[in-house]
Every structure is written in C-alpha cells, then in structure tokens.
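Welcome, and please have your viewer ready.

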Amino acid sequence: MSRHLVLTGFMGAGKSSSASRLAKALGRACLDADAELEARLRMPVAKFFAQHGEAEFREREEALVLELLAREQPAVIALGGGALGSKKVRRALKKHLVALLEVSADNAWARVRKSDRPLARDESAFRALYAERAPVYEDAADVLIPGSGTATVRDATPLLRELLGRAPGPRMIWASGKPWSYPSIFEPGLLERGDLWLARRDAVTVADENLAAIYPWLDEGIVVPPGESSKTLAEVEKICSAMAEMRFERGRQLAAVGGGVVGDLVGFCAAVYQRGTPFVQVPTSLVAQVDSAYGGKTGVDLPAAKNYAGAFHQPDGVLVDTDALAGLPKGELVAGWAEVIKTALIAGGRLWERIAKGVDFKQPIDPWIVFECARTKLAVVSADERDNDVRQILNLGHTIGHAIETTVGYGNMRHGEAVSVGLAGALRLSGDGELHKQVVALCRQAGLPVRARGLSADTVMDVIALDKKRSGSTVPFVLVGAPGDVTQGHTVDDKELRKVVEELLR
Ligand SMILES: NC(=O)c1ccc[n+]([C@@H]2O[C@H](COP(=O)([O-])OP(=O)(O)OC[C@H]3O[C@@H](n4cnc5c(N)ncnc54)[C@H](O)[C@@H]3O)[C@@H](O)[C@H]2O)c1
C-alpha cells in the first residue's frame, strides 16, 4: 500500500488549507477528517460536542480516521487536533508519512480565539491543552514543518514527495528563515551505503582523511587533513584551487562530509568560490550533528582568534546519519556532549529533562537527542540568522570557552572541551548554584573537563576582551535563568569575570 501523507498539529496550525494545497501539488485526493466527520455527523463539530459530549465525539472521530487511513488510494489527510489522542490512530499512523505543522501557542490562540471551536473558549484551558498535546504530536511525526506559512509548505513539497517515495524511516525538520528554507534529514545508514540522496548527483564531496578512510567512496572527491589546523585560509585556497582545476562551475554543489571543521571550512569555500556556490552539509561528528551543521555560519580561524574570517552561507540541506557516530573516537564523542548539554539548557522542556535525568554516556547516543538538538538550533537560527539578537544564546559557554581554546592553541584542546569549561563559567556567572552544580556534574559524568588548569588568567581575560561580539568596552555574556530561559546581552563586571576565570583555571 502506498503511504498517505498525514498532516497533524494543534488547532490553528493551518492543516486544512495546507492539505488542500499539498494534495493539488502531489496529485492526490485531499481528505479533511473534520469536514468528513461533520458530513457524517450531519452537524457541525461544535454542535455535536454540545449535544453528545467529547467522549462520544472522540469515538466517532477515531472510527472515521482509522477508516481514512486504511484507504488504498494514497491521499493527503488532515487530522483534527485531538485525533492523536487515540492509541489506535497513533499505531495506524506508523505506516504513513506524518507531517506535524508546528504553531506556537500564541499564534494558535490568536488564530482560533474567535472561532466556534469548542476547545478554544477559555485561554488558559487552551494553553494547557496545547502543552499536553505537543509531545504527542512530536512523537508521532516523521516531519516537522513550521505551520501555516504557505511559502514554507510549498518549498517543502518536493521533499515530501521524495520522502513518500522512499522507505519509511527518515525524519525531517524543515527550517525556514528569511530568505532561505531547507530540510534537515535524519536517516541512519546513509554513509555506509554512500547514498547522499539529498545532494545533487554531480555534487563534489569534501571530506577529511579520517572519514575517507572509513568510507572509501569519499576518495573520489576532495580530501583534506583532519583537525582544527585545517580551518585556515591556506586550506580554503587549496580547496578552491582544486575546484577550479576540475572546472567546477558556479551553481554546482559541494557536499561537506565530516565534523565541524570540514563543515565550517567547506561552507566557507562554498560561500566564496566564484562568489557563492551551493552546498549540503553531511555532519559526521556529534558536534556537527547537534550543532555546527545547521544555521549557515561558515568560516576559518586566523592566528589572532577562532572563526575570524567567515560568511553566512546556508546549506541546501543537511543529511544526518547517526550511525556514523559509532566510528567516532571516544574523545570526540565526549566533546560533542558539551554542545548537547548546552543545547538542552537552551531548549529546556523535554530535551533538558531527558539529559538532566541522567544519560548513560557509554551507550550510543539516542537519535532522538540529536534530532531535538538540531530542532532547537534550527528554531533559533530561523528567528535570527545573522546573530543580531536571539542567535547569540547559542554562544552559551562560548565566550570563555573560545578564549580558553585560543589560549591553549588550536588543536591542543577540543572545541567541545573548551565549551564545557566555558559552560561551567557561564553558569557560575548566572548565579544559580544548584544548576551550576548539576551541569558541572553532568559534564564530569560525560567525561568533560570543567577546568583548564595552568593557563594564565591574564591571557584568557585579554582574549575575552578581543571577543568579536564585543560592543563598546564590554563583552556581552549569555546567561542562564533556568533551563529554557537563556538570554544574551548581559554585562558582567570585570572583577566578577576575573574571579570566575581564575576559579576555572585553578
Ligand atoms: N558553524 C557553527 O555554527 C559551529 C558550531 C559549533 C562548532 N563549530 C566548529 O566545529 C569545529 C569542531 O567540530 P568537531 O568537533 O566535529 O571537529 P572535527 O571536524 O575536527 O572532528 C573531530 C574529529 O573526528 C573525526 N571524525 C568526524 N566524524 C567522524 C566519524 N563519523 N567517524 C570517525 N571520525 C570522525 C574527524 O576526522 C576529526 O578528527 C570547531 O572548529 C568549531 O569552531 C562550528
């Protein structure tokens, strides 16, 4: 049986209108469960609710939705906001491609508060229902799409068509900023198969030697030495020259296969080669899969400081194979946990709860954690690509972390390790003793350092002062109020900062 495309989401997400547009674009029938139900009940939902109550309504709804899902002819089906409350429906959905149209509680309320929907009469009950249903939608979804933006749904249509034609399994987050919009696909096993299906057929891969040793098919593309010492303008020149030699035309695609170094380096080459050529990110390290591959920050280091030459250049898409992490050296995996812990602090909610309750760091990372980290980062960069505002929260732990990394010398300490020390510092500056203790304990459990002994506090303070986000005479800091409440732009007194830095270096 061919799969249905099923749209889910809260009231006001725009499921009905998106379903009809998608059905047209995909050449499928559009089935709107609420409309079908009203026809069958021979009365509006609100009236049926009032006369028979919610329990009876849910029973009828479940029967109808199961019937629609069992139809042979592949369709686009829009489900009512409460349909996923049924276990049977959730089970039946596993065979189909389920797309969650995301909408914030504020936007949803603004859209439906004046409607006749029976569950949209009282704002606080509405918000409580939103909070209760959100995880149910998320767990059932293969695909997350920002809701009700006509342009976003239109942009995502070719990828939805592609996913419908592929075997079930991959998950996708569609991210949309201004003026870009692209998919991140999560599909284990891709690299082993050499199947970079999101990339164009004639894409040229750039990988580092370690990756090329694991996946020999990468030898056909460009191969660079591994490690931070490759993130240089000299390496950019080498790659761009190799591209010119192979008569790589502008418009052809690069595919960056590797950790954050390869992603940043190749992204920068893509940004500058013939004034810009497209590229896809294929992150293989934990740092890259949870953080660096998303958001379009590309660049290289200068001797003066990290990431000092760079450009914003968004990829055409990101292809994530969590199976690749099995080959990652332990130290690199550990370093990645610093970005996971940082991202969980930013996200709060379920991601933080999952991390805070204790992770068995010896087991392979749960792909759900990678997915949620990516989702958190993509949501932030969609709101502020250029780092003018909220994107700065992603630098949590990085002001001190980068200064330590620079002081130690690139390549002598992993980025994630430096971030872990920086996180300990940022939490100390944030002033919540309990959370500081909890994060330090988590980092230690993961095998991360929370101190950088032996460095000179003067040097670290000098490098912090050089921080590129410096405005006037102060360096703005990212601080944590609570998990999920991370804010940028805080001024920290120099004496207090010095005290914390000295503590970290002791
Ligand atoms: N652009 C951004 O938004 C952003 C965000 C965070 C970090 N970064 C950058 O990312 C870089 C750090 O990334 P990283 O930690 O991935 O470093 P990395 O790219 O050097 O990778 C770490 C090591 O792991 C190896 N490796 C990667 N994937 C592997 C796999 N699947 N199997 C075996 N070995 C594998 C690499 O060859 C390398 O030796 C830093 O330069 C940092 O500045 C950028």
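Start by selecting helix 10 (209-214), helix 12 (260-272) and helix 13 (286-292), each of which supplies at least two residues of the shell around the ligand. Helices here are DSSP runs of H or I with at least four residues, strands are runs of E with at least two, and both are numbered from the N terminus. This is a predicted model, in which local features need pLDDT of at least 70 and side-chain atom pairs count only at pLDDT 80 or more, while totals for chains, interfaces and linings use all residues. Residues are numbered from 1 along each chain as its sequence is written, and side-chain values use heavy atoms, with hydrogens and water left out.

**Around the ligand**

Now show the 27 residues around the ligand; D208, E228, G260, T284 and S285 come nearest. By type, the shell divides into 8 nonpolar, 10 polar and 9 charged residues. In this count Ala, Val, Leu, Ile, Met, Phe, Trp, Tyr, Cys and Pro are nonpolar, Asp, Glu, Lys and Arg are charged, and the others, Gly among them, are polar.

Zoom in on S285, where a polar side-chain atom lies 2.4 Å from an oxygen atom of the ligand. Next, pick A324: one of its backbone N or O atoms is 3.0 Å from a ligand nitrogen atom. At G327, a backbone N or O atom lies 3.5 Å from a nitrogen atom of the ligand. How much of the ligand does the protein bury? Taken alone the ligand exposes 860 Å², and the protein buries 91% of that. These areas come from the Shrake-Rupley method with a 1.4 Å probe.

**Into the core**

Select L5, L79, L286, W337 and I355, which touch the most other members of the 155-residue largest nonpolar core. Such a core is a set of buried Ala, Val, Leu, Ile, Met, Phe, Trp, Tyr and Cys residues joined through side-chain atoms within 4.5 Å. Buried means under 20% relative accessible area, exposed over 50%, and partly exposed in between (1.4 Å probe, protein chains only). Centre on W337: leaving aside neighbours within four places in sequence, its contacts include L286, I355, F361 and L448. Contact means heavy atoms within 4.5 Å. A second, separate core has 21 residues, including V224, C269, Y273 and A309.

**An enclosed helix**

Move to helix 17 (residues 398-408), which is largely enclosed by the rest of the structure because 9 of its 11 residues are buried. Among what covers those buried residues are helix 14 (330-347), helix 18 (415-430) and strand 15 (477-482).

In helix 14 you will find T343, which is buried with a relative accessible area of 4%. A polar atom of the T343 side chain lies 2.6 Å from the backbone oxygen of E339.

**A loop and a last stop**

Select Q314, in the loop between strand 13 (309-312) and strand 14 (317-320). Is Q314 buried or exposed? At 12% relative accessibility, Q314 counts as buried. The Q314 side chain makes a polar contact with the side chain of Y182 (2.8 Å). A polar contact is a pair of N or O atoms within 3.5 Å; within protein, one must be able to donate a hydrogen and the other to accept it, and residues adjacent in sequence count only if both atoms are side-chain atoms. The side chain of Q314 also reaches the backbone oxygen of G295 at 2.8 Å.

Finish at A441 in helix 19 (residues 433-446), which counts as partly exposed at 39% relative accessibility.

Technical notes:
Near = heavy atom within 4 Å.
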